[in-house]
Amino acid sequence: MTANSAFRSRQWFGATGRSGMAHRSWMRSQGFTPEVFDGRPVIGIATTWSELAPCNVHLHRVAESVKRGVWQEGGFPLEFPAMALGETLLRPTAMLYRNLLAMEAEELMRANPLDGVVLLSGCDKTTPGLLMAAASVDLPAVMVTGGPMLNGKYRGTDVGSGTAVWRFEEDLVAGRMTQEECAFAEGCMARSNGHCMTMGTASTMASMAEALGMQLPYSATWPAVDARRYETAQRAGQVAVGLVRQDLRPSAIMTRAAFENAIRVNAAIGGSTNAVIHLLAIAGRLGVPLPLDDFDVLARDVPTLLNLQPSGEYLMEDFCYAGGLPAVMRELAEHGLLNGDAITVTGSGIGANVADAPCWNREVIRAVAEPFQPAGTGTAVLRGNLAPGGAVIKQSASSPHLLKHRGRALVFDSPADYYAVSNDPGLDVDEDTVLVVRYCGPRGYPGMPEVSNVALPRKLLLRGVRDMVRICDGRMSGTAYGTVVLHVAPEAAAGGPLALVRTGDWITLDVPARMLTLEVGDEELAARRAQWQPPAPHASRGWTRLYTEHVLQADEGADLDFLVGASGHEVPRESH
Ligand code: FES
């Protein structure tokens, strides 16, 4: 690469005078030789590494492999931290900070002398946050997710992180497990680096990044500790340099065709409902039209192929050894369910990438002809007077007998209110009751946490009841299960009809008809609305105030209104 390089970084490192001297001199304090400023592509490596985000804790090492690849291809790698979001620790919810990560990473990419970026993510919100940022800057970018943990092992059986937590808790409450057994099981679930190894949100979003064409084939599934993850990371470093030279940008990769692929792949893998929110937000950054109903319409023809927890039996390690995501996408492609021409970071269409992908275990990755669950059992989008902006339900995680259900509402204004009485033997509830838990949306909680699948009342658990209909304006962990209507929009805190439901009202859920109906007349609803008071603001200052004043509803991806769209990567004016 010559000093005449037109790369963007040249405007920093190729500058003359005091400015150029400052840009180069301080970088040389790290011991770089002057040749790194010769106009070669500068590749930023955005690392969401933190000891407070255990799923991402190894990304610092993954970055070293990426650097090898960048050097190998004649680029100049520079690692930088981006906000790490640890799903299990952050309160009130990591989702409150997804947009902050996206905003921080976007600004860092734009403000620094970078020609391309490698995005290192893992835990749930870090993957969509970095993709949103990359979309808004539109510098050439490739993602490397950190990979799933090894399968959890407890007393000779596989246990899935997340999914097992719900079961252990229910077993504990119902007296099927002791406190000591539970404490031992804790150490058996998360036993290596990596993100949750069920088809939870992290595995789902890693798969979405691969289906969108933003990470290399097989990237989603190599276990975090597998040498091939590090090999893939090195390859991604090489690819990043190539993307800069080809000027292949996220906006050319994450097209409408790519989003259609992602939605269908999400259905095929039995992916998390959180993918709906995150894909809507990423599409919003790119200006790709993606109505909520597309998640239902596009997925209806797609059977679930993966037999993975929480809907199925196996875990991500098994998925990897069975052939990984390319084997799933090949099945879809061969049945006309994949836009094969959608270009990817490899420079080839996704169809070409997966054309020869083998499947080594049809028990884990089923064929379209013999699916794990038939077409039409994926995420459904519901409408009705209770959710005029839409709501979603993961059919594969639901109990079939509850998909058409009519019951009386038992209403709580927060999960805490519900849990305060959920163990009460006198609670007026039975298996036909519809539990409504509200004020859990983007504005309401705030941050739209994964609290919607509240545990069943103790008296029902003791009677052997395992599921009941729950309705909420929050989200549900991708590792969770149950007949739970989620993402109700508009949320209660925004004055949605959910705020007007009263205990004792009849509610009808009809998933085959895609309806969610509150059986209360318009006149009565208008009277209730006249009495309704919006909740007091959560914060008078800081991020939470900014967030709650600007966050969009779930059906628009819960991005901030002023972050929708892109600002590009024009080089800002001089700093000195
Ligand atoms: Fe990080 Fe599950 S807690 S991926």
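This section describes a helix–helix contact and a set of salt bridges in a predicted model.

Packing between helices was examined for one pair. Two packed helices are described by the angle between their axes and the distance between the axes. For helix 8 (residues 201-211) and helix 12 (residues 274-286), the axes come within 10 Å, and the crossing angle is roughly 40°. Helix 8 and helix 12 are therefore oblique to each other, since angles under 35 degrees would count as roughly parallel and those from 65 to 115 as roughly perpendicular. The crossing of the two helices is right-handed. On the side of helix 8, the contact is formed by Thr201, Thr204, Met205 and Met208, and helix 12 contributes Asn274, Ala275, His278 and Leu279.

Charged pairs were considered next. Side chains of opposite charge can pair when their charged atoms come close. Across the whole structure, 31 salt bridges were found. One of them joins the side chains of Asp293 and Arg383, with an N to O distance of 2.8 Å. This pair connects distant parts of the chain, 90 residues apart: Asp293 belongs to the loop between helix 12 and helix 13 (294-297), whereas Arg383 lies in the loop between strand 7 (379-382) and strand 8 (390-394). Asp293 is partly exposed, because its relative accessible area of 31% falls between the limits of 20% and 50%. Arg383 likewise counts as partly exposed, at 28% relative accessibility.

A salt bridge between Arg475 and Glu450 has an N to O distance of 3.2 Å. The two residues are 25 residues apart and again link distant parts of the chain, with Arg475 in the loop between strand 11 (470-472) and strand 12 (484-489) and Glu450 in the loop between strand 10 (434-437) and helix 18 (458-462). Both Arg475 and Glu450 are buried.

A further salt bridge lies within a helix. The closest N and O atoms of Arg528 and Glu524 are 2.9 Å apart. Because Arg528 and Glu524 are 4 residues apart in helix 19 (residues 522-531), about one helical turn separates them. Arg528 is buried, with a relative accessible area of 9%, whereas Glu524 is partly exposed, at 34%.

Notes:
Residues numbered from 1 in each chain as written. Predicted model: local features only at pLDDT ≥ 70, side-chain atom pairs only at ≥ 80, totals over all residues. Heavy atoms only, no water. Axes fitted to C-alpha atoms, helices over the stretch in contact; angles between N-to-C directions. Parallel < 35°, antiparallel > 145°, perpendicular 65-115°, else oblique. Left-handed = near helix turned anticlockwise from the far one by under 90°. Contact = heavy atoms within 4.5 Å. Salt bridge = Lys/Arg side-chain N within 4 Å of Asp/Glu carboxyl O. Buried < 20%, exposed > 50% of the residue type's maximum accessible area, 1.4 Å probe, protein only.
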